[in-house]
Each structure stands twice: as C-alpha cells, then as structure tokens.
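Please walk through the following structure from its overall layout down to a few individual residues. The paragraphs below take the fold, the surface, the charges and the loops in turn.

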Amino acid sequence: MRQVKHSRDTALLARGIDAFGHFGHDIPASENLHPEALARHRELNRLYQVTVGRGN
C-alpha cells in the first residue's frame, strides 16, 4: 500500500519494515502534549484533510 496523492505520508510500523520506501518515518511520542509534537500533528492532520478532499 502507498499514498498516490502526495509523497509526505508517514508511518510508525507495529510490525515489519517498509521495504519499498512508500512512507516517511513517523516519530514516537516522547512525552504527553509536547508543543513540537502538537504542531506536527496539526500539520499532518491538515495534510490528511487535503488528501481526502476536505481541506485547503
């Protein structure tokens, strides 16, 4: 499986490896509600909304 609308998707794999390089590496949380993590989440959510046709 891979994203075909853009090349910025990330994944945190629970098992296995992305042998084909379809996803960027996601960053596991280091603490709750860290400001940089929240900013990254907002950006990734915005990108998701655009991808599914609900955003700008």
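Helices (DSSP runs of H or I, at least four residues) and strands (DSSP runs of E, at least two residues) are numbered from the N terminus. With that convention, the secondary structure of the chain comes to 1 helix and 2 strands, and reading along the sequence gives the pattern β-β-α. Residues are numbered from 1 along each chain as its sequence is written, and side-chain values use heavy atoms, with hydrogens and water left out. This is a predicted model, in which local features need pLDDT of at least 70 and side-chain atom pairs count only at pLDDT 80 or more, while totals for chains, interfaces and linings use all residues.

The predictor's confidence in each residue is given as pLDDT, on a scale from 0 to 100; its mean over the chain is 83, and 91% of the residues reach 70 or more. Among the elements, helix α1 (residues 35–51) has the highest mean pLDDT, 89, whereas strand β1 (residues 10–11) has the lowest, 78. Where pLDDT is low, the predicted coordinates should not be read in detail.

Taken along the principal axes, the C-alpha atoms fill a box of roughly 30 × 30 × 15 Å. A residue is called buried when its relative accessible area is under 20%, exposed when it is over 50%, and partly exposed in between, using a 1.4 Å probe and protein chains only; by this rule, 7% of the 56 residues count as buried. The chain exposes about 5100 Å², of which carbon and sulfur atoms supply 54%, these areas coming from the Shrake-Rupley method with a 1.4 Å probe, where for residues only the protein chains shown count as cover. If contact is taken to mean heavy atoms within 4.5 Å, then among contacts between residues at least 6 apart in sequence, 27% join residues at least 24 apart.

Side chains of opposite charge can pair when their charged atoms come close. A salt bridge is defined here as a side-chain nitrogen of Lys or Arg within 4 Å of a carboxyl oxygen of Asp or Glu, and a search of the whole structure finds 1. Its partners are Glu43 and Arg46, whose closest N and O atoms are 2.8 Å apart. Both residues lie in helix α1, 3 residues apart, which is about one turn of the helix. Glu43 counts as partly exposed because its relative accessibility is 30%, and Arg46 likewise counts as partly exposed, at 37%.

Between β1 and β2, the loop holds Phe23, which counts as partly exposed at 23% relative accessibility. Phe23 and Thr10 are 13 residues apart in sequence, yet their C-alpha atoms are 4.9 Å apart in space.

The loop between β2 and α1 contains Asp26, which is partly exposed with a relative accessible area of 26%. Leaving aside neighbours within four places in sequence, Asp26 is in contact with Thr10, Ala11, Leu12 and Arg40. The C-alpha atoms of Asp26 and Arg15, which are 11 residues apart along the chain, are separated by 14 Å. Leu33 is also found in the loop between β2 (24–25) and α1, and has a positive phi of about 55° although it is not a glycine. At 68% relative accessibility, Leu33 counts as exposed.
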